[in-house]
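Open the model in your viewer and keep the selection panel at hand. The tour stops at a pair of helices, then at a sheet.

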Amino acid sequence: MIVIKVPRADYKLRPVYVGENPYKGTYKRNNEGDYHATNYEVDGMIRDKNPDGNDGMILEYYTMEDIDKETLRKYRQIFEIRNDGHVWNSLDDQSFLEKLGGYRKDRREEKEGLTLAGLMMFGDGLAIRDEFDNVFMDYRDESEVTPEIRWNDRITYDGTWENNLFNFFTKVTPKLTADLKKPFKLEGMQRIDETPVHKAVREAFVNLTIHADYLMDAGTLKVIKRADGFEFTNPGILKLPLEEIYQGGNSKPRNPRMQTMLRMIGFGDNAGSGFPAILAAWKEEGWIEPELKEDTRLNQVTLTLKMIANEKEMKEDKNFNQKNERSLKEVLKEVLIAKEYEKMFPIIEYLEGNSAITTQTAERLTGRSSATAWRYLKKLVEAGIIEPDGNTNNVEYRKIVN
């Protein structure tokens, strides 16, 4: 077998296409096959080249009349508390939004108006639905679900609130962190209720907001709270490779103005440090490493944060996934040839402390192509160590318990 690794093209070089027309010659790989990219997908790749992001575009015919005044008032109130004495506090609403990137004037084209960031963050719900009827916001609390109860709490558009991003963020965030433990801690004479986990959950929500592609043909900003963790899903594929995201230090948000708006009121970390902060918080708690998964078929990204103990950090359980009371490494040393064992060692080590793995995770751990990572996992399936779970497009390999 000859394996040729084709690295992911840099977002500044996409789309890569055959012939002269990107709309006819662009193909994308979905697991084991290549498929013709849709016009929306090609448009998304072209948009991602813009170094200034997507959210600075002026929305024609949308003016300050389309801003929900109560939403902007609440934002400015928080801004003033967080930034006492700031020169922007004395500005009128339009000038204030201009400073944040929510309103813009284009002198060359002689036009002005709300930007995508301005409307999505602070806009009137009806105006947002007129322009972005393809975007939905959905929060579900599934922490105590039963066969009869699909969710315990839900926030989606129901006519009782202006469904802009700022309202969605401020309504959902307290619900996400309400049940997290708050150990008694004093800093001087002041009690500190914040923990790294609180900050990590909010950072995950910020990431969902600033990396979403609101111009796709369809997409849902979905936040799910479960008894054992959280799930954050946003429309749009990854701009950077998974390895770079996990390493941190480099951030390319699609919506940098939204990032500024949230950062100015205390939400969101410095550029490139947000995801490593999430990883660090989960590692400190001894929980399973957060998993970022890209679905190129549905054009969405999901971050899963499970508050489940990482088995590698726990005492050895002799009855868990061992044969003849031996470790996984010991068993596989006998099953695999030396070269294979060496190449697959990062996967084996990962499975020592985790109950499941995906092809994307295996690819990241080994630094090999998706085809090679899949071949490694197939060998472990044949060895009776793991078994596939899920459909072809979203398969997860679970460790077999003996």
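Axes are lines fitted to C-alpha atoms, for helices over the stretch in contact, and angles run from 0 to 180 degrees between N-to-C directions. Helices (H or I, at least four residues) and strands (E, at least two) are DSSP runs, numbered from the N terminus. This is a predicted model: local features need pLDDT of at least 70, side-chain atom pairs count only at pLDDT 80 or more, and totals for chains, interfaces and linings use all residues. Residues are numbered from 1 along each chain as its sequence is written, and side-chain values use heavy atoms, without hydrogens and water.

Select 165-177, helix α7, and 196-211, helix α8. Their axes lie 11 Å apart, at an angle of about 155 degrees. The two helices are therefore roughly antiparallel (over 145 degrees). Their crossing is right-handed (the near helix is turned clockwise from the far one by less than a right angle).

Now show side chains. From α7, residues including Phe168, Phe169 and Val172 meet α8 residues, among them Val201, Phe205 and Val206. Contact means heavy atoms within 4.5 Å.

Next, the sheet. Six strands form an open sheet in the order β6-β5-β9-β10-β12-β11, with mixed pairing. Two strands pair if DSSP finds at least two bridges between them. Select 153-155 (β6) and 291-295 (β11): each edge strand has a single partner, so one side of each lacks a neighbour in the sheet. Neighbouring strands here are turned by 10 degrees against each other on average, direction ignored.

Finish on β12, residues 300-306. Five bridges join β12 to β11, and the two run antiparallel. Pick Asp295: its bridge partner in β12 is Gln300.

Notes:
Parallel < 35°, antiparallel > 145°, perpendicular 65-115°, else oblique.
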